[in-house]
Amino acid sequence: MSDAFITRTEIESDGDGSLDGQRIAVKDNISTEGTRTTCGSAMLAEYVPPYDATVIERLKASGATIVGKTNMDEFGMGTTTESSHFGPTTNPVDEERVPGGSSGGSAAAVAAGEADLALGTDTGGSVRCPAAFCGVVGIKPTYGLVSRYGLVAYANSLEQVGPLAPTVEKAAELLDVIAGPDERDATTRSEGADTDYASAADGDIDGTTIGVLTDLVDGADERVAAVFEERIAELEDRGAELREIELDSLAHAVRAYYVIAMSEASSNLARFDGVRYGISGGFDGDWNDAFARAREAGFGSEVKRRVLLGTYALSAGYHDKYYEKAQDTRAWIKQEFDAAFEEADVLASPTMPVLPPKLGESLEDPLQHYLMDANTVPVNLADLPAISVPAGTADGLPVGAQFVGPAFGERAVIRAASALE
Amino acid sequence: MSDASVDPATVAHVADLARVDLDEDEAEAFATQFADVLDYFETLDEVPEVDSEPELVNVLRTDEARESLSQDEALRNAPEAEDGYFEGPPVG
């Protein structure tokens, strides 16, 4: 029995469309009416949403069947899917290793053929990382392309729902279904209406200028960097022009990401009070006592760690030092990316700086765990689209290449990634 | 390099602000881990001040009654409910 799913189900479509007959796995932080949505947390182990997320409505209208809700790091907080209350998911490529995270169950379900396609969510790499570790394709859309209505929020200025699939074209087809403005999410943009991303997966790289993000290549494990560099050189042989691009701001991206994500988490997760849903803290003492007991019982260690660090970063005397500086860093990264797109059509790097770790290996030291996100978080901070595509293997383990595009440049990253397949 | 050492009393204070009870082992582990993470955050100091003008627009809609969840649906996930209300601990 697969450990990719938290809940197996069979939610039938209510329409016909481009996903007719496709079996789709959905990350368990996306609300499904009548099917429990746990976020990988004890807090929501019994939570059954009374409504569908917008992306679920769109899946159902397009002919897809939802076959299950997939395992994930608790509330999306992790890079390995090991912080799930329901236990870890193993990597179908090597069962001693993690599938990546936080959308690890979605990537594993696609890699093992238990679903044709899957939805994940990407706050700091949570679609691209497991795509890279499991050898499948994953897309993090431009912020505002896909509705977040019905997504249980972790860090809402950073996250987007994104597709996982065995091929670039199939991932693009799924993105075409879920993209588009939604009056229930005021951050969605008109650029997502009537998209045609699937036709961009034509493998034509001739004449494309690829900016190689040297800071992110140099920071990678040499086995990962070697695979990446060999495949990128192939694209040059096929007519792409390569340029080396250095961005000084990227050295601070992980810091800025964690300050912002933890701060937003501390605010977003304040809703879990054990009264409207979740685990009750009982009725002894006052409201604050009950609230604090509910959260002790319902949250795992990583969630508590991030909520507390976020509370600290926003507290009196520290707000300017951490949160304001993180926002400066975010603006700096955006400006440097904008300048880079004056010189290049797409930017490229290894998706992950490391090969998939063994289960348990990266749990001891939270800071080292966070550093695995170095190559993926800059894109979320800059609101940009990015894709991870399988680039080959090192020591028998999958290596992913990441292409980053300008805002709403999904077609450019899809085309570049399809050239690597 | 930094003065961001975290004593257990600070962890307890932040846990109180965040309304999360911690057991003793957890509080102790967090004190060490927080020192590492906050120490790592220190170099944000080196980031230059950046002038940015985010492209923000207000998205408004008219405030009118529309279809929403029924009372039963809204209460369905509540651990305790009574007479159509959420039931919570005593206030203050």
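How many helices and strands are there in chain B? Chain B holds 3 helices and 2 strands, where helices (H or I, at least four residues) and strands (E, at least two) are DSSP runs numbered from the N terminus. The model is a predicted one, in which local features need pLDDT of at least 70 and side-chain atom pairs count only at pLDDT 80 or more, while totals for chains, interfaces and linings use all residues. Residues are numbered from 1 along each chain as its sequence is written, and chains are lettered from A and ligands numbered from 1 in the order in which they are written.

Read from the N terminus, the elements of chain B follow the order α-α-α-β-β. The radius of gyration of this chain, taken over C-alpha atoms, is 23 Å, well over the 12 Å that the globule rule (2.2 Å times the number of residues to the power 0.38) gives for 92 residues, so chain B is more spread out than a compact globule. Its C-alpha trace spans about 55 × 45 × 20 Å along the principal axes, and 16% of its 92 residues count as buried, a residue being buried if 20 or more other C-beta atoms, placed from the backbone, lie within 10 Å of its own.

Between the two chains, 38 residues of chain B are in contact with 45 residues of chain A, contact meaning that the C-beta atoms of two residues, placed from the backbone, lie within 7 Å. On the side of chain B that touches chain A, helix H1 (8–17) and helix H2 (24–41) of chain B each supply at least two residues, and the largest share, 8 residues, comes from H2(B). By class, this side has 23 nonpolar, 6 polar and 9 charged residues, with Ala, Val, Leu, Ile, Met, Phe, Trp, Tyr, Cys and Pro counted as nonpolar, Asp, Glu, Lys and Arg as charged, and the others, Gly among them, as polar.

In chain A, 11 strands form an open sheet of mixed pairing, in the order S1-S3-S2-S4-S6-S5-S10-S11-S9-S7-S8; two strands pair if DSSP finds at least two bridges between them. Strand S1 (5–11) and strand S8 (241–245) of chain A stand at the edges with a single partner strand each, so one side of each is left without a neighbour in the sheet. Within the sheet, strand S7 (residues 209–213) of chain A pairs with S9(A) in the parallel sense over 3 bridges, and Gly211(A) has Leu347(A) as its bridge partner in S9(A).

Strand S9 (residues 346–350) of chain A also contains Ala348(A), which is buried, with 29 other C-beta atoms within 10 Å. Beyond its neighbours within four places in sequence, Ala348(A) is in contact with residues including Ile210(A), Val212(A), Ile232(A) and Phe403(A).

Helix H4 (residues 168–178) of chain A lies across strand S4 (117–122), strand S5 (137–140), strand S6 (160–165) and strand S10 (386–394) of chain A, running at about 145° to S6(A); axes here are lines fitted to C-alpha atoms, for helices over the stretch in contact, and angles run from 0 to 180 degrees between N-to-C directions. H4(A) is mostly covered, with 11 of its 11 residues buried, and these buried residues pack against helix H1 (54–61), S4, S5, S6, S10 and helix H13 (410–418) of chain A. After H4(A) comes Gly180(A), whose phi is positive, near 130°.

Definitions and conventions: Buried ≥ 20, exposed ≤ 12 C-beta atoms within 10 Å, placed from the backbone.
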